[in-house]
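User: Can you walk me through this model? I'd like the overall picture, then some details.

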Amino acid sequence: MLLHVVGLPIVAAIAVNLLVGLLTVVVSFMRRFQLGLLNGHSVNIALTMSATSIIGAYLGALLTDRIPEKPLKRLLAVFLVVVGLKIGLEPFIETPLTLAFTLGFVEEALLAALIGLAIGVISGALGVAGGEFRIPALIYVFGLDIVAAGTASLLVSIPTVASGFLKHHNMGHMNREAALIAAVMGAGSVIGALIGASYAGFVEKDVLKVLLGVTLVLATVRMVTEP
């Protein structure tokens with residue numbers, strides 16, 4: 001979108017998206033934390049994913065110009081559509097399909113580390129926070145409910161997005177024009193994040209699932225239509 005509206009080069013648009021995303025996730029997480037929407041189990045998973053996500057985001061930023069973007073987007077788009085439809089349709093299915101994993105402490109930590117690394121690379125390379133990939137993993141692999149998964153995802157996103165943004169900034173991808181655009185967009189995003197986070201614990205979980213499913217499908221449309 002930034003490419004078409006203001007004519008930013010792709011690397012600057014990625015840097016802006018990461019900065020706006022960073023502001024949004026920090027504010028949203030702090031509000032959710034105040035509301036007590038994070039438990040000990042989700043914190044442990046989030047911290048493990050955070051450690052490797054930072055590395056992944058750094059590597060992804062380095063690989064921005066080297067990763068074949070179109071094939072990667074197509075693959076991720078298929079994943080998002082499948083997961084989005086599954087989550088969004090669950091409230092309407094009498095006995096929804098569930099993916100049951102029984103993980104020990106070590107297995108859970110290793111899996112969290114691997115998933116964090118992979119999503120970190122995607123985040124740094126494509127300039128996204130990665131929540132659209134992380135939340136389904138937290139729900140279906142680690143068994144978190146949708147509210148806890150969303151809050152844990154925000155916690156992981158903070159260092160991940162910050163790492164990707166700092167690398168892009170150090171590579172000179174954030175100029176004055178891009179910084180101004182990020183500030184304007186960030187202000188609106190922060191207000192929206194505060195409002196959304198304030199209601200996260202009060203909205204029916206089935207409603208949240210439908211909204212998440214729609215969001216994932218829309219994210220797919222955005223991903224495949226962007227140049």
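Predicted model: local features only at pLDDT ≥ 70, side-chain atom pairs only at ≥ 80, totals over all residues.

User: How many helices and strands does the protein chain have?

Analyst: The protein chain has 9 helices and 0 strands. Along the sequence, the pattern reads α-α-α-α-α-α-α-α-α.

User: And what share of the residues is buried?

Analyst: Of the 227 residues in the protein chain, 45% count as buried. The accessible surface is about 11,500 Å², and 71% of that belongs to carbon and sulfur atoms.

User: What about contacts along the chain?

Analyst: Take the contacts with a separation of 6 or more. Residues 24 or more positions apart account for 86% of them.

User: OK, helices now. How do α2 and α7 pack?

Analyst: Helix α2 covers residues 10–34 and helix α7 covers residues 146–170. They pack at an angle of about 145°, with axes 8 Å apart. The crossing of α2 past α7 is left-handed.

User: Which residues meet there?

Analyst: From α2, they include Leu18, Leu22, Val25 and Phe29. From α7, they include Leu154, Ile158, Val161 and Phe165. The residues of this contact divide into 16 nonpolar, 7 polar and 1 charged.

User: Let's stay in α7. Is isoleucine 146 buried or exposed?

Analyst: Isoleucine 146, which sits in helix α7, is buried because its relative accessibility is 10%, under the 20% cut-off.

User: What does isoleucine 146 touch?

Analyst: Leaving out residues up to four places away in sequence, isoleucine 146 touches Ile139, Lys205, Leu208, Lys209 and Leu212. Also, the C-alpha atoms of isoleucine 146 and aspartate 206 are 9.2 Å apart. Those two residues are 60 residues apart along the chain.

User: Now lysine 167. Why does it count as buried?

Analyst: Lysine 167 counts as buried because its relative accessibility is 16%, again under 20%. Lysine 167 is also in helix α7.

User: Which residues is lysine 167 in contact with?

Analyst: Tyr58, Ala61 and Leu62, leaving aside neighbours within four places in sequence.

User: Last one: how far does α8 reach?

Analyst: Helix α8 runs over residues 176–199, so 24 residues by the usual helix assignment. From first C-alpha to last, α8 reaches 35 Å, close to the expected 34 Å.

User: Which residues of α8 are buried?

Analyst: Ala178, Ile181, Ala182, Gly186, Ala193 and Ala197 are buried in α8.

How values were computed: Residues numbered from 1 in each chain as written. Heavy atoms only, no water. Helix = DSSP H or I, 4+ residues; strand = E, 2+ residues; numbered from the N terminus. Expected span 1.5 Å × (residues − 1). Buried < 20%, exposed > 50% of the residue type's maximum accessible area, 1.4 Å probe, protein only. Axes fitted to C-alpha atoms, helices over the stretch in contact; angles between N-to-C directions. Left-handed = near helix turned anticlockwise from the far one by under 90°. Contact = heavy atoms within 4.5 Å. Nonpolar A, V, L, I, M, F, W, Y, C, P; charged D, E, K, R; others polar. Areas by Shrake-Rupley, 256 points an atom, 1.4 Å probe, with all protein chains shown as cover.
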